[in-house]
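The entries below keep the order in which I looked things up.

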There are 2 protein chains.
Amino acid sequence: MQRAAPQEFTRVLSSMCTEPHPVAREAAERFLATNPGDPATYQQIADLERRAVETLGEITRLDAPHGYIASGGTESNIQAVRAARNLARRDDPNVVAPESIHFSFQKAAEVLGVELRIAPVGDDYRANLDAIAEHTDEDTVLVAGVAGSTEYGRVDPIPDLADVAHDHDALMHVDAAWGGFALPFTDYAWDFADAPVDTMAIDPHKLGQAAVPAGGLLAREKRVVDALAVDTPYLESTSQATLTGTRSGAGVASAEAAMRELWPGGYRTQFEVSMSDAAWLADQLADRGFEVVEPTLPLVAVDVPESLFSALRERGWRISRTATGELRVVCMPHVTREQLSAFVADVDALR
Amino acid sequence: MQRAAPQEFTRVLSSMCTEPHPVAREAAERFLATNPGDPATYQQIADLERRAVETLGEITRLDAPHGYIASGGTESNIQAVRAARNLARRDDPNVVAPESIHFSFQKAAEVLGVELRIAPVGDDYRANLDAIAEHTDEDTVLVAGVAGSTEYGRVDPIPDLADVAHDHDALMHVDAAWGGFALPFTDYAWDFADAPVDTMAIDPHKLGQAAVPAGGLLAREKRVVDALAVDTPYLESTSQATLTGTRSGAGVASAEAAMRELWPGGYRTQFEVSMSDAAWLADQLADRGFEVVEPTLPLVAVDVPESLFSALRERGWRISRTATGELRVVCMPHVTREQLSAFVADVDALR
């Protein structure tokens, strides 16, 4: 039986997911047949989920965290908007977020019937506090900031955004789905101890090196998760706060195993390696005259001609673009310096 | 490395999930690191997803099916309600369903801001056509029926329900999440060829013997899936119709592998074995004087005293109850005659 990831994976520079750590893979394979969506039936996986949430609390500096292992950042973001909507009970609720927010907020707004108010970002690609404040009013139920943006890896001024949110009796949500396993090793103010954050998305299946699906939804207060609960008549347990029903025990078990193995030392080492790779790639591309967005987390965005982008894709590189057209390279754990060198060599050959 | 499912799994009689078929497990393990939520990046898994949806079309007798491999039946049901809501654009939309409908419709209604109208079922535990019609009006956007109900394994009169739906310009949804891989071997009228069904939930990770997460959402018309699409700025693909973002390649690959291996012969054999096991268990329990709901699909509900239910749970049996308190035994592929004999022996020892 072939153990390796499919061949195509080796040239993936555009993904925010990665090859699971070996211990995460083993745990996923062991628990492939369990369903944490039915915790009383699958008690062993339910215990692992509690441990996983506890560790996510350590990583984000939240004592006694509430939450669960979600299918991913999109579910966590939808659920944060849903909880805020359900708790606030406004006739015409809105959510305020910077334009750098993940597109799952568009999905959340459409699904939940909530208005999404997008505020422009500054030249630094981060939320502009004045713009966020201007968009916020008495019907705002949630202010969302991103800690490690999808396109440029930027971190919004979370403490300031939390002040704006709470000044309007809205909840504060941080989308750290991608950045959450890198930010503990930076000086950014982003977590539950840095600011009065109410909810957070942080995904073990991204930089946490767990197998998909393993997202994380965290909440400071129990009432937030309770606002998501629906009754579950026929299950042994009596209510369910998740967006999905049956869930993947593989994802939960692999998240718990990866975090037990890698937090904090393994994640720190990976962050340092990926960060230096990103800086190296940025320098290499800048030396060649391309306009590079300086990486602050392991993600490089560079302005290249359409023709070069297409030629690199034809060479088999799995790359993607920002909304404004820059080529994105996400330095995930599966992306090595050798891979990046080969990529740069192809840039030289094709430009 | 331990390959077997965790110990607790061996006495699970209450789950609608099961041990994945070996080929499904192998495929899940191979594709653990892929993300069909990013199809242009992970093209191999995207191809497998197209094949899986094609096969689901064969099973449900729908040519050129539209849809995708979802996280499970809950997502598929939420998405069917969402599509109907989005297409109908009513100010005050409602969904009509029998009380036997899965609780995920309660979740869908709450999430989507749609009124859920629950119609009583008949003595046969199936949707009562008059009651469904009485609850349906010009604001009804979807009528939902269940083909293999969670509590009693009953199949609603799908063609009649579809007529009611279309008489009111509503869409018709069939929840075959559990029953879909058994019903092709019965005489029930439930699929896209039997009735003008618009959408269906059918889960490979239940009787399809795939690994979790592998649900299925099918639609007869492309416009229904298009009504779910949101733009995806930074992905290589340009829009996304799923409720989640990152998805499990393992689930998709295992669904495709299980169906390739088992459809139709393997599923037919499993259905016949499970059906005879269910009939055997029903007889055994009836012989002991318990009131048994005659199984029409491989699911047995039996009225037992609370004290016996508790004693069986203390013996380690993972069992659950219907809303009205009957003990449910779901004869999934992992449930063997030997297991059921041991269960009956414990019933004798404890009653």
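Entry 1. I looked up A:Arg85 and found it in helix 3 of chain A, which spans residues 73–88. I note that the model is a predicted one.

Entry 2. Is A:Arg85 buried or exposed? I read a relative accessibility of 12% for A:Arg85. A:Arg85 therefore counts as buried, because the cut-off is under 20%.

Entry 3. I listed what A:Arg85 touches, leaving out residues up to four places away in sequence. In chain A the list holds A:Pro93, A:Leu112, A:Val114 and A:Val141. From chain B it holds B:Glu110 and B:Val111.

Entry 4. B:Glu110 forms a salt bridge with A:Arg82, and I read 2.5 Å between the closest N and O atoms. I then took the count for the pair of chains, which is 4 salt bridges between chain A and chain B. For residue pairs in polar contact, both at pLDDT 80 or more, the count between these chains is 19.

Entry 5. Which elements of chain A supply at least two residues each to the side that touches chain B? I noted helix 1 (22–30), helix 2 (43–59), helix 3, helix 4 (104–112), strand 8 (230–231) and strand 12 (320–321). I sorted that side of chain A by class and got 29 nonpolar, 24 polar and 20 charged residues.

Entry 6. Chain A gives 73 residues to it and chain B gives 72. The two chains bury about 6,000 Å² between them, with 56% of that area on carbon and sulfur atoms.

Terms used: Residues numbered from 1 in each chain as written. Chains lettered and ligands numbered in written order. Predicted model: local features only at pLDDT ≥ 70, side-chain atom pairs only at ≥ 80, totals over all residues. Heavy atoms only, no water. Helix = DSSP H or I, 4+ residues; strand = E, 2+ residues; numbered from the N terminus. Buried < 20%, exposed > 50% of the residue type's maximum accessible area, 1.4 Å probe, protein only. Contact = heavy atoms within 4.5 Å. Buried area = accessible area lost by both parts, 1.4 Å probe. Salt bridge = Lys/Arg side-chain N within 4 Å of Asp/Glu carboxyl O. Polar contact = N/O pair within 3.5 Å; in protein donor to acceptor, adjacent residues only side chain to side chain. Nonpolar A, V, L, I, M, F, W, Y, C, P; charged D, E, K, R; others polar.
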